[in-house]
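Please open the structure in the viewer and keep the selection panel at hand.

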Amino acid sequence: MDPTGDLLLEAPADGGLTTGAVARLLGVAPTTLRSWDRRYGIGPAARQDGRHRRWTGADIAALRNMCALTSAGLPPAEAARTVLAGTSGAGTSSRGPSGTGPSRAEEPGAGASGAPDAPRSARASRAPGPLPVGRARQECRGLARAAVRLDAPALDELLTAVLDRYGLPAAWDEVMMPVLHAVGRKWETAGERYIEVEHLLSWHVSGALRGVTAGRTPAPGAGLALLACVPGETHTLALEALAASLAQQGLPVRMFGAAVPAGALEDAVRRTGPAAVVLWAQSRRTASPALVARLDALEWGVRGARGRPVVCVAGPGWAGRQPPGVQHLSGLSDAVDTLATL
């Protein structure tokens, strides 16, 4: 299936995609595309009314090569020289960075690729390859490419766009989480080569979730949800997505984050009197049925009007270790619906 299928619908009648459409397709910030055009001559052959960029199939192919080379570790200037040298007979790409002259690949001392082979090979060998996101949404492919390139501006723009387009639950389930899983699998099988990719992606996903605007003010008396990772658990992004979703629904929430000690959790329950406590465990090693039992038996409030929280568990670590009678939240939408009833 052509990955540009959805975006071709956005093309104008006279052909070519807009810069925004190409940016979403390739996982590159629109400002990056404009910069590559202005600085290195990696730009469209034609402009509507002489100003607005319209990218043809050949232009997008050149951009794909540019993305592949920068993802492999080449600096943008060197990658552009390589692309221009390889497409010098294809019309617009034969121009140099100014858009009028030959590319630097033709200068004395430059090889056929426009740069010495040894340094490029050394850099490329240290750079991680693409993330396998399978037949996911096109935004997944773009986000994965931006993460591998360590392109922070593109990550921010793409995350903001998917949140605006799909809303938080769908953006999390169908775009953010698949890419996070893909980089996690790569990290597990490739040693330390993807740590920087995973850390950068996680940081920007976390920032995008924290930037989600809260909805209406919580109604008086609405049940409070207390969210925490179990002791020893540091994976917080799923809880951050839940916290943002609850806030959008106008539901009160307290997010305590990673690796909260058991004693601190008990103290937080007594002090806040939550209607529900959600415990996240990513691995079976950290999932603790004993902790669930301790919190389930805990009471809060003044004598004669004591309450007990509903303890819920979430995350893959609870598979096969779910205590009897405890609610298991199977996904973001399910968690929001369940907690809203409490």
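The stops below concern a sheet, the helices on it, and a pair of helices elsewhere in the tour. Please note that this is a predicted model.

**The sheet.** Begin by selecting the five strands of the open sheet, which follow the order β4-β3-β5-β6-β7 with parallel pairing. Next, colour β4 (253-255) and β7 (327-329): these strands stand at the edges, and each has a single partner strand, so one side of each is left without a neighbour in the sheet. From one strand to the next, the twist averages 25°.

**Within the sheet.** Select residues 276-280, strand β5, together with residues 310-314, strand β6; five bridges join them in the parallel sense. Within this pair, A276 is found opposite V310 of β6.

**A pair of helices.** Finally, select α2 (residues 19-26) and α7 (residues 138-148). At what angle do these two helices pack? The angle is about 75°, and their axes are 6 Å apart. Because of this angle, α2 is roughly perpendicular to α7. To view the contact itself, display the side chains of R24, L25 and L26 in α2, which meet Q138, G142 and R145 in α7. By class, this contact comprises two nonpolar, two polar and two charged residues.

How values were computed
Residues numbered from 1 in each chain as written. Predicted model: local features only at pLDDT ≥ 70, side-chain atom pairs only at ≥ 80, totals over all residues. Heavy atoms only, no water. Pairing = 2+ DSSP bridges. Helix = DSSP H or I, 4+ residues; strand = E, 2+ residues; numbered from the N terminus. Axes fitted to C-alpha atoms, helices over the stretch in contact; angles between N-to-C directions. Parallel < 35°, antiparallel > 145°, perpendicular 65-115°, else oblique. Contact = heavy atoms within 4.5 Å. Nonpolar A, V, L, I, M, F, W, Y, C, P; charged D, E, K, R; others polar.
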